[in-house]
There are 2 protein chains.
Amino acid sequence: MELKGFNAFKDSVQFSSEQTCLDFLNVNREQIRIKKDETAVRNLVRIFDAALAISSGKGFQAMSVRDLSREANLSMGALYSYFKSKEELLEMLRSLGCRVLERVLADEIKPDSSPAERLVQAIEAHLYMSEIMKPWFYFNYMEAKNLRKEEQRKAIERELYTEGIFVGIIRSGMETGEFRTVDPLLTAAVLKAMLQDWYLKPWKYQGRTVTVEDYAGFVIGMVEHFLKNPEGQTAIR
Amino acid sequence: MELKGFNAFKDSVQFSSEQTCLDFLNVNREQIRIKKDETAVRNLVRIFDAALAISSGKGFQAMSVRDLSREANLSMGALYSYFKSKEELLEMLRSLGCRVLERVLADEIKPDSSPAERLVQAIEAHLYMSEIMKPWFYFNYMEAKNLRKEEQRKAIERELYTEGIFVGIIRSGMETGEFRTVDPLLTAAVLKAMLQDWYLKPWKYQGRTVTVEDYAGFVIGMVEHFLKNPEGQTAIR
DNA sequence: GTCTATATAACGATAGAC
DNA sequence: GTCTATCGTTATATAGAC
């Protein structure tokens, strides 16, 4: 196993809040009343950062729009020219990270790599993205239940989609004989659970001075150990 | 590996909501204004069940005391003779399952078993208890952040305590040579994450008709595969 | 574009009748 | 023990001045 490492990953994805908000603005142009891009992006960044910060402490429902107004340094009236209800703000926040996450996963997982290599790429991409956008990932997980039924369905679909990436990799590894025969669905499910633990319990890993690379290395080691065919790589390649 | 199985487990713990609420009443006698045990227990069961049901849908913060009054078939006034504030209700709910959980873990993990056996006992106990008290486990996880700082600290302590049970088992298995050398803290952490996934995403496993025994078998298989010393049991050293 | 001020609804909590 | 009625507070959302 050969890890890309967190720093190399960060350089290659070039994440910035401003770029993310500009993308967001371009997609949701009609819902936002502000006409000047520069103003809109600047305030969107402040709104999103503040909302994620407050929500991570006490949850989105318990955050009042007044709280948000204070934290983002914008008046009530100003806020309501970026969204028309608190519920809409919730859905804006949710959709924020989805686009960038999907793009990164598509970029970082190389279809012509071996299953074992793609497994490492996928695990690193998931973990490192969750490290970069930790507040969003936490929010996305904890607030899913507050979405409307329809949006909730989409959120579940999304979880199953990223899990499906792992299922696909495991299946193809089993076909080439690189991996031994396991239950691909359950394996992907518990792998996902491990990856999510990284951003769900930051207090745990921070307190133990475990870095995200340490964690990635451990998870990859465990999964490889579980999947590796003891008879060695039996074919194709 | 030899599993006890869910039904055998259920028989041996003899869980009942009424018993749990009676225990609770005996511990918190001074905070509850109702004098007749029978009435108090009956209503406590209704309050707790209703509160967990509503909270699991939209979270505790979003649940109004009026919602609770409707669902539990008790008036506002009646509710407030069982707790003196919504926040106190939150802490009552949190403490509910802790006692019974701790008792069960102590009963089910036999100190004179081998590390491998104790590992199976601990995993089964955790999973099966979370299946029996699923609404409470979900609540306990999702609402921890709404507790007061002091109570939050205790919640983290509790998480680390149950995780510590696994750490202890892994360490002793490494000492006897039954297990190979791994990072006990990280192993226990990801194991915990796997166990929690069972009650955090019921929609996933229910939809796939995976039973809790299936899940237990899979997790135990994976962890044993990870821990098992390839050289076999090399004795005490 | 952003502000202050306010309308309107819902909230948690309590007092007092039964 | 439980209910109904109601208090004071806080919430979301908007209107109109700047």
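This is a predicted model: local features need pLDDT of at least 70, side-chain atom pairs count only at pLDDT 80 or more; totals for chains, interfaces and linings use all residues.
The elements that give two or more residues to the surface near DNA strand D are helix H4 (65-72) of chain A and, from chain B, helix H3 (37-58) and helix H5 (76-79). The points below take up the surroundings of the strand and then a contact between two helices.

**Phosphate contacts of DNA strand D**
- The side chain of A:Tyr80 places an N or O atom 2.8 Å from a phosphate oxygen of DNA strand D.

**Surroundings of DNA strand D**
- DNA strand D is surrounded by 20 residues, of which the closest are A:Arg66, A:Tyr80, A:Lys86, B:Lys35 and B:Lys36.
- Sorted by class, the surface near DNA strand D comprises eight nonpolar, six polar and six charged residues.
- Sugar or phosphate accounts for 60% of the atoms of DNA strand D that are within 4 Å of the protein, while the rest belong to bases.

**Helix H12 of chain A with helix H10 of chain B**
- The axes of helix H12 (residues 212-227) of chain A and helix H10 (residues 184-200) of chain B come within 11 Å and cross at roughly 70 degrees, and the two helices are therefore roughly perpendicular to each other.
- From H12(A), the residues A:Tyr215, A:Phe218 and A:Met222 meet B:Leu186, B:Thr187, B:Val190 and B:Met194 of H10(B).
- This contact of H12(A) with H10(B) has six nonpolar residues and one polar residue, with no charged residues.

Conventions
Residues are numbered from 1 along each chain as its sequence is written. Chains are lettered from A and ligands numbered from 1 in the order in which they are written. Side-chain values use heavy atoms; hydrogens and water are left out. A residue is near a molecule or strand if one of its heavy atoms lies within 4 Å of it. A polar contact is a pair of N or O atoms within 3.5 Å; within protein, one must be able to donate a hydrogen and the other to accept it, and residues adjacent in sequence count only if both atoms are side-chain atoms. Helices (H or I, at least four residues) and strands (E, at least two) are DSSP runs, numbered from the N terminus. Ala, Val, Leu, Ile, Met, Phe, Trp, Tyr, Cys and Pro count as nonpolar, Asp, Glu, Lys and Arg as charged, and the others, Gly among them, as polar. Axes are lines fitted to C-alpha atoms, for helices over the stretch in contact, and angles run from 0 to 180 degrees between N-to-C directions. Angles under 35 degrees count as roughly parallel, over 145 as roughly antiparallel, 65 to 115 as roughly perpendicular and the rest as oblique. Contact means heavy atoms within 4.5 Å.
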